[in-house]
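The sequence and the model are shown first.

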Amino acid sequence: MSSRPSPVYASPSPTYESYTPSSSSSSSIYGGTSSYPPRKVWVDPKGLANCGDASQIQGNVSPYVKQLTLNTFIAYGAGDEHCFGHSVAKAVKFTDINAHESHEKQGRMEATTTAEVIISKSMLNGAGMLHGGCLAFLIDNTPLVALGLLQNMNGVGVTQSMNIIFHSPGSVGSCLRIISTSIAMGGRIMSARCEVINKKTGSVVASAYLNKMQPAISKL
């Protein structure tokens, strides 16, 4: 059994900078050799152009992982000005990307991303509160891209399911903290959980669990 790559934390030349598409990957979140067959990836974070400045993002992963995570969010989540949710996605600011080995999961790695966004008028429904669809769009930002880079896997996927609990309304001008943590990553199915918190009051606006999957290229 091969050992898990050791440099989870930022370093001058982290070994996970050698990330390659999953067709040549052999690592899994559980360590050892993957039993999954090679699969052509849908979106490869390493192949995307730099989008935005990741130098202000805090956390213990390398600048490389921070930049590729940001690139994926902007290129895939925001798209261009004609794409759905573009203005909302462009308003999201990542503040932290961290990874650690979970004691509860016998040393398996978890990644957490923290982002912030200020609720604008364009994000409201007719009642003047944050629209539930907009909230779902914000929640659909997962830490799985970062975890995939650390595990030499592809963490970009399409959302298969999302279960959201709406706890309290969000009003215009409020700053939301979107805290997302990976749960598991397999060869095709991966999952994460998320909490959206009002930064000023500390109240939970929403919580969610979501599953993502690698789509079949032939169906795209």
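Helices (H or I, at least four residues) and strands (E, at least two) are DSSP runs, numbered from the N terminus. On this basis the chain holds 4 helices and 6 strands, and from the N terminus on its elements follow the order α-α-β-β-α-α-β-β-β-β.

The model is predicted: local features need pLDDT of at least 70, side-chain atom pairs count only at pLDDT 80 or more, and totals for chains, interfaces and linings use all residues. Residues are numbered from 1 along each chain as its sequence is written, and side-chain values use heavy atoms, with hydrogens and water left out.

**Confidence and overall packing**

The pLDDT is the predictor's confidence in each residue, from 0 to 100. Its mean over the chain is 83, and 80% of the residues reach 70 or more. Over residues 1-37, however, the pLDDT is below 50; this stretch has 83 contacts in the model beyond near neighbours in sequence, a contact being heavy atoms within 4.5 Å. Of contacts in the chain between residues at least 6 apart in sequence, 67% join residues at least 24 apart. Buried means under 20% relative accessible area, exposed over 50%, and partly exposed in between (1.4 Å probe, protein chains only).

In α3 (132-139), the buried residues are Cys134, Leu135, Ala136, Leu138 and Ile139. These buried residues pack against α2 (86-91), β2 (108-118), β3, β4 (175-185), β5 (189-198) and β6 (204-213).

**The largest pocket**

On a 1 Å grid over the protein atoms alone, a pocket is an open set of points where a 1.4 Å probe fits, with protein on both sides within 12 Å along at least five of seven lines; lining residues have an atom within 4 Å of a point. The volume is the space filled by probe spheres set on the points, which are joined across faces, edges and corners. The largest pocket contains about 270 Å³ of space. Its lining consists of 16 residues, and Phe73, Tyr76, Gly77, Asp140 and Asn141 lie nearest the centre. Both α1 (63-78) and α3 supply at least two lining residues each, and the largest share, 5 residues, comes from α1. The lining divides into 7 nonpolar, 7 polar and 2 charged residues; Ala, Val, Leu, Ile, Met, Phe, Trp, Tyr, Cys and Pro count as nonpolar, Asp, Glu, Lys and Arg as charged, and the others, Gly among them, as polar.

| Residue | Relative accessible area | Class |
|---|---|---|
| Leucine 48 | 25% | partly exposed |
| Threonine 142 | 10% | buried |
| Asparagine 154 | 6% | buried |

Leucine 48 is placed in the segment before α1. Not counting residues up to four places away in sequence, leucine 48 touches Val43, Asn71, Thr72 and Ala75. Between leucine 48 and tyrosine 76 there is a C-alpha to C-alpha distance of 9.5 Å, with 28 residues of separation in sequence.

Threonine 142 belongs to the loop between α3 and α4. Apart from neighbours within four places in sequence, threonine 142 contacts Thr113, Ser180, Ala192, Leu210 and Lys212.

Asparagine 154 is found in the loop between α4 (144-150) and β3 (158-166). Its side chain makes a polar contact with the side chain of glutamine 214 (2.8 Å); such a contact is a pair of N or O atoms within 3.5 Å, and within protein one must be able to donate a hydrogen and the other to accept it, while residues adjacent in sequence count only if both atoms are side-chain atoms. A polar atom of the side chain of asparagine 154 also lies 3.0 Å from the backbone nitrogen of valine 156.
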